[in-house]
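Subject: Structure handover

Hi,

Here is the structure we talked about. Please look it over, then read the notes below.

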Amino acid sequence: MSEAAAGGDPEAAVHPSETEWAAAVAALRGLPPGARVLLACHVNPDGDALGSMLGAGLGLRGLGLGRVTATFPGPMRLPAPFDALPGTDLLVAEEDADPAPDAMLVFDVASIERLGGLADRLRAAPVGIVLDHHASNPGFGRINLVDPAAAATSVLSDGLLRRLGVPLDAAIAECLYVALATDTGSFRFASTTPAVHELAARLIATGIPVGEISRRLFDTRPVGALRVFGTALARTVLEADGAGGLGFVWTYLTPDDLAAQDQAPSAIEALIDTVRTAAEADVACVVKPVRPGEWSVSLRSKGAVDVSAVAVALGGGGHRFAAGFSASGTVEDVVDAIRGLLPAPAGIRVNSGRISGT
């Protein structure tokens, strides 16, 4: 799942212990300068995945580790908001990634399956460190720095770099700021704590151009993407009795919808943020095309429904208020599966009718 966190569940969080932090620091400091270090994040990476990974990569390179590379499963294509990030020179295509790294660090990956063909490298690496903030993460690394209360994985990257004694420069700060800003919805979500603002202040103090970064992330979109948004919003379905009477709103796009406007799937990542504003629904869903018959699904909740439980049941993961999963079949199949896992009023079964264009 490629999901921005709309809120964590701090009361249920288990922070990494100082023993875990110390183990990670010792493992990295114990690497020789010529060690091969591979960083990886999840398929279809978002701002937190890329920013956390590249920021950490720049920091590790600054420690004197000269053979640091970064990758993610699937085609090496960066969405426009992230292609200007510092550290993109660290990126290599999945097929060119080191097959047997001395150390591997994984960022923003809720389950090892989300690494695709890179998973075996993590299993075999002498040093394997997982940095993540998804509550559904089972801890699949040799060392797990997982904190469900963290607003973004960049919080963990910052914690590791500070403990390693890496100076915070503007390049690292921009990567971590992009990660933090995207996963807090530009500091609007419930995960935005005083500590989040304190971290943002430290990052901004390095001199990064916050206005320019924010425009790039949140206020720039091709006209073709706007038209695709319009298509999706026009077919939005509201099931007022869905989710136990709390309301369920959903929409979808097909590969043809994207092709008609010459848009990549990355162009619609932010669509869920518009759909979730529907006043009549607690739960929002967008079904996005990957390829014919395969979908990436975004789920959001305003607080009453734990959508991570739905996503986990369908093979994904995430947070209470923001989650997602991958699926195959028709849009009807996908929405029916979600609907069946949401709370339902006694005696009521909503049927929204057949869907065309799937």
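Accessible areas come from the Shrake-Rupley method with a 1.4 Å probe, and for residues only the protein chains shown count as cover. On that basis the chain exposes about 14300 Å² of surface, 53% of it from carbon and sulfur atoms.

Two notes on the source. This is a predicted model, where local features need pLDDT of at least 70, side-chain atom pairs count only at pLDDT 80 or more, and totals for chains, interfaces and linings use all residues. Residues are numbered from 1 along each chain as its sequence is written, and side-chain values use heavy atoms, without hydrogens or water.

Overall shape: the C-alpha atoms fill a box of roughly 60 × 40 × 40 Å along the principal axes.

Of the 358 residues, 53% are buried (under 20% relative accessible area; exposed is over 50%, partly exposed in between; 1.4 Å probe, protein chains only).

R216 counts as buried because its relative accessible area is 18%. Beyond its neighbours within four places in sequence, R216 contacts P81, A84 and E174 (heavy atoms within 4.5 Å).

Best wishes
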